[in-house]
Amino acid sequence: MAVRGEAMVNVGVDLGGTALRAAFGPGGEAAGACEVRGWRWPWLLCEAPGPAGLPVEFPSLKSRLGIAASVRVGDETLDPEGVLAAGLREIRDTAVKATGARLGHTAIGVPARFSSRQRGALLRAAEAAGLPQVSLVSDSIAHVIAHAGTDTTGTYAVFDMGYTGFEIGLVRAVKGRYRALAYDGAAAPGGGFFDARTVASLLEFLLAGYGISPREMLRTEAMRRELRAAAEEIKERSAGGDGTFDARFGLRHVPIRLSQAVFGKEIGRFAAGAFDRIAYLLEEAGLRNADVTALLLAGGSTRMPVVRDFAAATGLTVTEAEPGSLETGALRYAAQLASRPSVVADAPPEPEAEEIPMPASETPPLPGLLQAPTAPEEDRTDAGAAAARRLLRHGRLDDAERAAREAVNEAEQVLQEVIAARSGAVQDPDRPPSLSIDSERLQARARRSFKQGEFQEAIHVMHVAAERGGPEVFAEMIQMHCEAAMTNPTMANFKRQAAWLRCAIGHDAGNVRLFDLLAERCLLHAEALVRIGRKTEARATVEEALKWNPDHDKARALGRELKPR
């Protein structure tokens, strides 16, 4: 590198959810870059905090920084600050070795919603890593610094969606000086949230198509990580279109057919709500679309076509941030700090921005996303019998019995069709299907789980029972969603309970009661937020309630009370 011999090297760091990325150089332009990721670095954790095997989370270590004193990685207990310090130390050593220069300033990009406690933990990790002069800059401002440079004047809206959630920032740039006008953001939707919904779909698919229970798939950490890797591949492939591929789980190879239409529609429901907040932020800042120079899209999840479609629908001029934008902007900020006082007027961290992460597996599945590849009619019974034999050879007697019974049921149905064809009889197409033995067993299992308070397990199993049963089973499944959503309606339970009600609406969109219940659950959460002084979040939650039921009197009254004056 050409910078060897320079006195100082500055560093900009992207504190990503799945990796650390850095750019470094003697001034504001990168002379080198590095990335800290791979199997040695537990940036993504694997946690199973609930009953044995369920639910499962894949939170980022970043989300535990300053919140959890320790995390489990396999058989080890690790300190999040210590892991991060080791990663930052590797960046420091790489920059010094590559340039032969001493370290100058380091700037680390962080979400605006990072709390004071999280920022403090990050600064302690940086100090332990041997970084001498460290400053933090919000992700949105770092992206604008990289995009606008020092000669541009404009107002930018930044939409950054990565693994740990999304951030919207309004930033004013005036020839090398930057001021934050407004921020919004949350832990969901984001890449991790989308992965979690795909994991839920995959668990449901394996139970329905292969009789493999969620508990079996989540028994060990290795199996849970395999499941997440398959879900990530499904998400990436679904974004590109329909297709079929083999997912591998240990010795199993499971063929899966993907539906891009389902993926786009379901993910779009959540992306729409995130983009709605851009208009709200502009209104709060007293700005119109014409006042915004560009909408910058940043983060891996904004590459999904459905997200780009919503960005275009805002009516703003859409620009994609360059790869490495965050660490580049942080590097330029570090270089500016080295030559003059702070050129950034950022908002202080707000305690109310600290939130309880939503357990990944508490999100409902994407109905219809995954299907077994269609086999010719004449091959299906043979395939079921072969599957039963394979399971038997592996000693999985319960699964073998289930597969064999399904093959027998299929054969009996074919036999009835043959008999009817010979006799000239025609089956009444309007005759309601009777409950299968499998459906009855699944119902009983779901009821037991529900009674024990294992709501996610109960809902997973009830989805499959409803597919195999009649309208009574479907009605019970909807009711189970409702009861789970309104049991113990605390702040900590809000996101998962609201997700269950949205899942129910996805199944039964004509059921007005579901919309009323979701509005009521949003109102309860808004009232709880008001009680602890988190009025900005309460106002957004009231707006959510009124989307589901515009005539909810209490929600309308609370909205009037919270309206900015």
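This dialogue walks through several features of the structure shown above.

Me: What kind of model is this, and how are its residues numbered?

Reply: This is a predicted model, in which local features need a pLDDT of at least 70 and side-chain atom pairs count only at pLDDT 80 or more, while totals for chains, interfaces and linings use all residues. Residues are numbered from 1 along each chain as its sequence is written, and side-chain values use heavy atoms, with hydrogens and water left out.

Me: What average pLDDT does the protein have, and over which residues is the pLDDT below 50?

Reply: The pLDDT is the predictor's confidence in each residue, from 0 to 100. Here the protein averages 79, and 77% of the residues score at least 70. Over residues 49–54 the pLDDT is below 50, and beyond near neighbours in sequence this stretch has nine contacts in the model, a contact being heavy atoms within 4.5 Å. The pLDDT also stays under 50 over residues 375–381, for which the model has five contacts beyond four places in sequence.

Me: How should I read a strand, and with which strands does strand 1 pair?

Reply: Helices (H or I, at least four residues) and strands (E, at least two) are DSSP runs, numbered from the N terminus, and two strands pair if DSSP finds at least two bridges between them. In this structure strand 1 (residues 8–15) pairs with strand 6 (residues 102–110) in the parallel sense over six bridges, and with strand 2 in the antiparallel sense, also over six bridges. Strand 1 and strand 2 form a hairpin with four residues between them. Gly12 gives a point to look for on both sides, as it stands opposite Ala107 in strand 6 and opposite Ala23 in strand 2.

Me: Is strand 1 mostly covered or mostly uncovered?

Reply: Buried means under 20% relative accessible area, exposed means over 50%, and partly exposed lies in between, with a 1.4 Å probe and protein chains only. Strand 1 is mostly covered, since seven of its eight residues are buried.

Me: What is a salt bridge, and how many are counted here?

Reply: Side chains of opposite charge can pair when their charged atoms come close. The rule used is a side-chain nitrogen of Lys or Arg within 4 Å of a carboxyl oxygen of Asp or Glu, and by this rule the count comes to 15 salt bridges. One of them joins the side chains of Arg21 and Glu35, at 3.0 Å from N to O. This pair links distant parts of the chain, with Arg21 in strand 2 (residues 20–25) and Glu35 in strand 3 (residues 32–36), 14 residues apart. Arg21 is partly exposed, with a relative accessible area of 21%, and Glu35 is partly exposed at 42%. Arg21 and Glu35 are also linked with Asp14 and Arg37 in a network of salt bridges.

Me: Which parts of the chain does the salt bridge of Glu476 and Arg447 link?

Reply: The side chains of Glu476 and Arg447 meet at 2.7 Å, N to O. The pair links helix 15 (residues 471–486), which holds Glu476, and helix 13 (residues 437–451), which holds Arg447, 29 residues apart.

Me: What is a nonpolar core, and which residues touch the most other members of the largest one?

Reply: In soluble globular proteins, nonpolar side chains tend to be buried together. A nonpolar core is a set of buried Ala, Val, Leu, Ile, Met, Phe, Trp, Tyr and Cys residues joined through side-chain atoms within 4.5 Å. The largest has 40 residues, of which Met462, Met480 and Leu518 touch the most other members. Among the helices that each supply at least two residues of this core are helix 13, helix 15 and helix 17 (512–531). Apart from this core lies another, of 35 residues, among them Leu20, Val36, Leu88 and Leu103.

Me: How are aromatic pairs described, and how many does the structure hold?

Reply: A pair of aromatic rings is described by the distance of the centres and the angle of the planes. Rings of Phe, Tyr and Trp (its six-membered ring) pair if their centres lie within 6.5 Å; planes under 30 degrees apart count as stacked, over 60 as edge-to-face and the rest as tilted. The structure holds seven aromatic pairs. The rings of Trp41 and Trp43 have centres 5.6 Å apart and planes at 5°, so this pair is stacked. Phe455 and Trp500 form an edge-to-face pair, 6.2 Å centre to centre with 85° between the planes.
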